[in-house]
Amino acid sequence: MEKHESVLSLESASGGDSLKEDILHHIQFTLGSDPARPDQYSCFMGLAYAVRDRLIGQWIRTERALDDSLAKRVYYLSMEFLPGRFLKNYLTSLSMEQEVRRTLQDMGFELDEVEEEEWDAGLGNGGLGRLASCFMDSMACRKLPGYGYGIRYDYGIFHQVLENGYQRERCDNWLRHGNPWEIQRRQRLLPIRFYGRSESYVDRGGRLRFRWVDGDVVMAMACDILVPGHGGGYVTNMRLWAAQSSLEFNLEHFNQGDYIGAVEAKVRSENLSKVLYPSDEIESGKELRLKQQYFFVAATLQDILRRHKQDSGSLANLPDFVAIQLNDTHPSIAIPELMRLLMDEEDLGWEEAWSICVRTFAYTNHTVLPEALETWPVDMIRRTLPRHLEILYEINHRFLEGLRTDYPDEPDLPASLSLIQEGSVPRLRMAHLAVVGSHSVNGVAQLHTRILKEGLFRDFERIFPGRIRNVTNGITPRRWLLQANPALSALITSVIGPGWVCDLDQLEKLSPCADDTAFRRAWMAVKLENKKRLARYILRKNGLGVNPGTLFDVHIKRLHEYKRQLLNLLHVVTLYNRIRQNPGSDVVPRTVMFAGKAAPAYHQAKRIIKLIHSVAQRVNADPDVGGRLRVVFLPNYCVSQAEKIAPAADLSEQISTAGMEASGTGNMKMALNGALTIGTLDGANVEIMEAVGRENIFIFGMTAEEVAARRAGGYDPRACCRSDPELQSALDLIGSGFFSAEEPGLFHPVMSSLLDQGDYFMVLADYRAYILAQEEVSRAYQNEDEWARRSILNTVRMGRFSSDRAIMEYANEIWQVQPLAW
């Protein structure tokens, strides 16, 4: 008998003969509600459990197949995942959407309304987490034996509200109604130690050994969320760790009347997984961040080694069966942790343990900004992770000794590459640790990788030739076209069939349609319907009516000065000035949309949000504008909101200061949905331009090299104003208090950053080039037929930006893993 034959057939795991019966079953027996009178919430929950039942059966079959194949597995470690809502994604993957629509209608509900019961999962902040989720989708779609590992935060990135234009952060309690998708593994909790001390001893063989003793212990509970491949069958999972106290309740304190003290240890322990990115403005917040990072990698490595020893029995071959990808520096504390486990727990020597580590880990870098590279105070690590600091010092010592031996004529090289940044407060450089402790380091766009090799990591490139490589980011077409834009997907499929969903290069088959007048009309009709849908959403969320017939000019991304929302706003003020000076002028009507969150402690970014809101209030209320210009800031930007905006965008704003954006993926999402891009030669914009053609994108501004040269040459932002009356006029209008009559000096700090503090992000330097590019946009938009042709070509040439292509590059070039034969 085969070892799995005695197990209950998984085909019956759905619990009923029909979807409706399954939904009603869960409403009654899982929720304890009356199935004869379900409300919308209970309908959503019942449906969610019914869908999860189907996924669980497929997931178990997948795990059995992986166990039988003894395949090498990939573990993708990320502090963030940003999956968005699960329901529609699962239905799309399982090809169940039409069945569910019919079933819900039979029950008196509509799927689009039921879907609104689900909150976006609060597990990430922005592009880093969204990329991780796209990669998980592609791993499942390509049947790669891979898993995601992270933290199951109780409270995610904050819920953004605007109060008189000011960003206010509210608690993102995404779990308030429970999470029907997760499977909690309470039967196996893993101990995670903090503090304490490192103790040396001599073992029976006479060898000096070390062990980590005393301190506090927190328990890690695994919570699995399933990730299906498109078409069903292959299902993998994210494993997210939740902190549980090892000391639930102090009865002695309780009986003495100290009710807070009775649960204090439990609350303190479980804080580890409470909030995504606690504030690091205070020391305790910084330490909590460090503890979060160690908590999740320590639990993950215990899980990985348990599975590997169960399958293989030997750790010597770990790199042959395990690949660990570090998504940015946050998980890089995993390197000394694996060394600790191999040496202190598994009795391996240093050389063997280090060889295993380097061959197992790979690191993805996501920033070119030196100030954004993560560092930790050495004293904090000494206090929190004492054994790890010893290992880190030894890693550094051996690395630096090697440098002194190999490069005796470069005495400054060890200090520049050291894992420890010396100074009044010595700090551990996590990026240096990740580079030294990994066999592969990759950037996420060709320009980004070139900057790493020639700038940030140029000495590492020299001493580790071939270690740094490029894997350009990508997005999943299942969510960002098939799910987010069903009408456009149907139009595409009607011409070339459905193969593009899992092979985005097939969109090239649509190229001849760009010259077909009837197809162009159909294409623009879909775009108009998407714009109408977004207009209804804006009316509901903001109470502002916008005209779907206007050019939808979209700037949606995290608020940061280098992303230059301020440059976009200066264009808005310039257009407004032109209308005020000549009310009868012929202006191409625009609706300019902003969305994005500013970090709670990033005060300048929050001022820019307030400025956008103040400009919007004045422009939208001015009768002379006459609907030719509308400005909208959509609060609480998230995945489900992006799914509504991207299909409706006409123009995609990708205008970061050249050399500062690692890649960007918003540019890919909107271009895939037929938006034309206005952007600098930064991040993946360069490759998008190469793909879609220079004539089908609006490129402006300085290159990364020109930005560096202008800074080095003594850039004077006021000279830009003296030579450009329109720029001076726009700045004067803002600085005069025109948009803030109640507080005329409100935006002086914003103006000062441009005029008095050097305009580091080159907003004024690129202003005129940006205005000229926007004028080119207006001229092009007036020719709807030609705009449609360019829009189609943007979509059909986006095949290379699929996350499927990216994940297979990781699999083939870095991880050395193969898809499971299925």
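The model is predicted. Its largest nonpolar core comprises 145 residues, and helix H2 (residues 40-69) contributes the most to this core, with 11 residues.

**Nonpolar cores**

- Within the largest core, the residues with the most contacts inside it are Leu 104, Phe 295, Phe 399 and Trp 815.
- Residues up to four places away in sequence being set aside, Phe 295 touches Ile 192, Phe 194, Val 218, Met 219, Ala 220, Trp 241, Ala 242, Ala 243 and Leu 272.

**Arg 790 in helix H32**

- Arg 790 is located in helix H32, which spans residues 784-796.
- Arg 790 counts as buried because its relative accessible area of 15% falls under the 20% cut-off.
- Beyond residues up to four places away in sequence, the contacts of Arg 790 are Leu 676, Glu 695, Asn 696, Phe 698 and Ala 780.

**Ile 792 in helix H32**

- Ile 792 also has its place in helix H32.
- With a relative accessibility of 0%, Ile 792 is classed as buried.
- Neighbours within four places in sequence excluded, Ile 792 is in contact with Cys 513, Ala 514, Phe 519, Arg 520 and Trp 523.
- A separation of 9.4 Å lies between the C-alpha atoms of Ile 792 and Asp 515, although these residues are 277 residues apart along the chain.

Methods:
Residues numbered from 1 in each chain as written. Predicted model: local features only at pLDDT ≥ 70, side-chain atom pairs only at ≥ 80, totals over all residues. Heavy atoms only, no water. Core = buried A, V, L, I, M, F, W, Y, C linked by side-chain atoms within 4.5 Å. Buried < 20%, exposed > 50% of the residue type's maximum accessible area, 1.4 Å probe, protein only. Helix = DSSP H or I, 4+ residues; strand = E, 2+ residues; numbered from the N terminus. Contact = heavy atoms within 4.5 Å.
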